[in-house]
Amino acid sequence: MAAPVVQLRALCRLCCVVLFLSQFYILSGGGSFSEEPSQPLPQAIKDPGPTRTFTAAPRAAESTDIPPYVMKCPSNGLCSRLPADCIDCKTNFSCVYGKPVTFDCTVKPSVTCVDPDFKSQKSFVLNMTCRFCWQLPEADYECFSSSNCRAVSCPRQRYAANCTVRDHIHCLGNRTFLKMLYCNWTGGYKWSTALALSITLGGFGADRFYLGQWREGLGKLFSFGGLGIWTLIDVLLIGVGYVGPADGSLYI
């Protein structure tokens with residue numbers, strides 16, 4: 001009986017010693033179960049050698065760039081017929097108005113033209129009439145019309161129009177200018193339709209309603225055309241063109 005008891009006590013002492021050693025190992029950091037990631041071991045850094053710097057040299061302007069005015073210049077055409085944007089001329093503003101005058105001109109870069117003998121040239125003489133651009137006939141320039149003025153009024157209204165000279169017309173001064181023009185626009189109203197309505201249904205104000213004058217139309221409608229007097233007056237006024245559309249435009 002004594003031998004098994006002695007062996008059991010020795011086994012217990014051995015277990016205690018093993019448990020003590022395991023706790024001491026854990027406390028000393030050898031067996032830590034920390035969740036922090038282990039740091040990688042330092043690696044040897046290789047010397048990259050001397051650093052080289054490269055400076056980008058500025059690129060030269062490409063010769064293939066085409067100026068915007070070249071799109072208006074016909075290739076290999078007569079130099080005297082080139083648009084004004086394609087040539088540079090030495091003008092003289094002291095010329096006599098309405099008289100023929102000649103100016104020495106040169107073509108701009110990237111523009112090619114020929115003389116009457118089909119030989120390439122850069123300098124030529126331009127023949128034109130001495131006059132400023134705003135003195136040109138109406139057929140030689142284009143103006144932007146305005147619909148913010150009344151075309152039917154007394155006196156007739158004018159507006160400042162922005163006008164531009166046509167490409168192949170040569171003149172002195174600025175090629176874009178302002179010019180006072182008469183209001184001349186239409187809203188789509190027909191004079192024949194307005195007159196027909198005034199004759200047939202004028203007693204009910206149909207002519208005034210058609211022209212956009214709804215207040216006068218209501219007055220004629222509820223007064224039976226002013227007992228016929230207003231109807232006759234409107235026939236005469238519309239017939240001579242005195243009464244027009246309410247927006248101030250012209251008849252078609």
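Here is the tour, starting with the whole chain and then moving through strands, helices and a loop.

**Before you click.** This is a predicted model, in which local features need pLDDT of at least 70 and side-chain atom pairs count only at pLDDT 80 or more, while totals for chains, interfaces and linings use all residues. Residues are numbered from 1 along each chain as its sequence is written, and side-chain values use heavy atoms, with hydrogens and water left out.

**Stop 1: the whole protein.** Helices (H or I, at least four residues) and strands (E, at least two) are DSSP runs, numbered from the N terminus. Reading from the N terminus, the order is α-β-β-β-β-β-β-β-β-α-α-α-α-α. Of the 252 residues, 25% are buried; buried means under 20% relative accessible area, exposed over 50%, and partly exposed in between, using a 1.4 Å probe and protein chains only. Among contacts with a separation of 6 or more, 57% are between residues 24 or more positions apart, where contact means heavy atoms within 4.5 Å.

**Stop 2: strand β3.** Select residues 100–107. Which residues are on the covered face of β3? They are Val101, Phe103, Cys105 and Val107, while Pro100, Thr102, Asp104 and Thr106 make up the uncovered face. In a regular strand, side chains alternate between the two faces of the sheet.

Strand β2 (residues 87–89) pairs with β3 in the antiparallel sense over three bridges, and here Ile87 has Val107 as its bridge partner. Strand β5 (residues 123–129) also runs antiparallel to β3, joined by seven bridges. Look for Thr102 opposite Asn127 in β5.

**Stop 3: a three-stranded sheet.** Next, show β6, β7 and β8. They form an open sheet in the order β6-β7-β8, with antiparallel pairing. The edges are β6 (141–143) and β8 (176–182), each pairing on one side only. On average, neighbouring strands here are turned by 40° against each other, direction ignored. Zoom in on β6 and β7 (residues 158–165), which pair over three bridges, and find Cys143 opposite Cys163 in β7.

**Stop 4: helices α2 and α6.** Select 191–200 and 229–239. The two helix axes come within 9 Å and cross at roughly 165°. (Axes are lines fitted to C-alpha atoms, for helices over the stretch in contact, and angles run from 0 to 180 degrees between N-to-C directions.) That makes α2 roughly antiparallel to α6; angles under 35 degrees count as roughly parallel, over 145 as roughly antiparallel, 65 to 115 as roughly perpendicular and the rest as oblique. Show side chains: Trp191, Ala194, Leu195, Ser198 and Ile199 in α2 meet Thr231, Asp234, Val235, Ile238 and Gly239 in α6.

**Stop 5: helix α4 against α6.** Glu216, Gly219 and Lys220 in α4 meet Trp230, Thr231 and Asp234 in α6.

**Stop 6: Gln213.** Finish in the loop between α3 (206–210) and α4, where Gln213 lies. Is Gln213 buried or exposed? Gln213 counts as buried, because its relative accessibility is 13%. Leaving aside neighbours within four places in sequence, Gln213 is in contact with Arg208, Val243, Gly244, Pro245 and Ala246.

Note on methods. Pairing = 2+ DSSP bridges.
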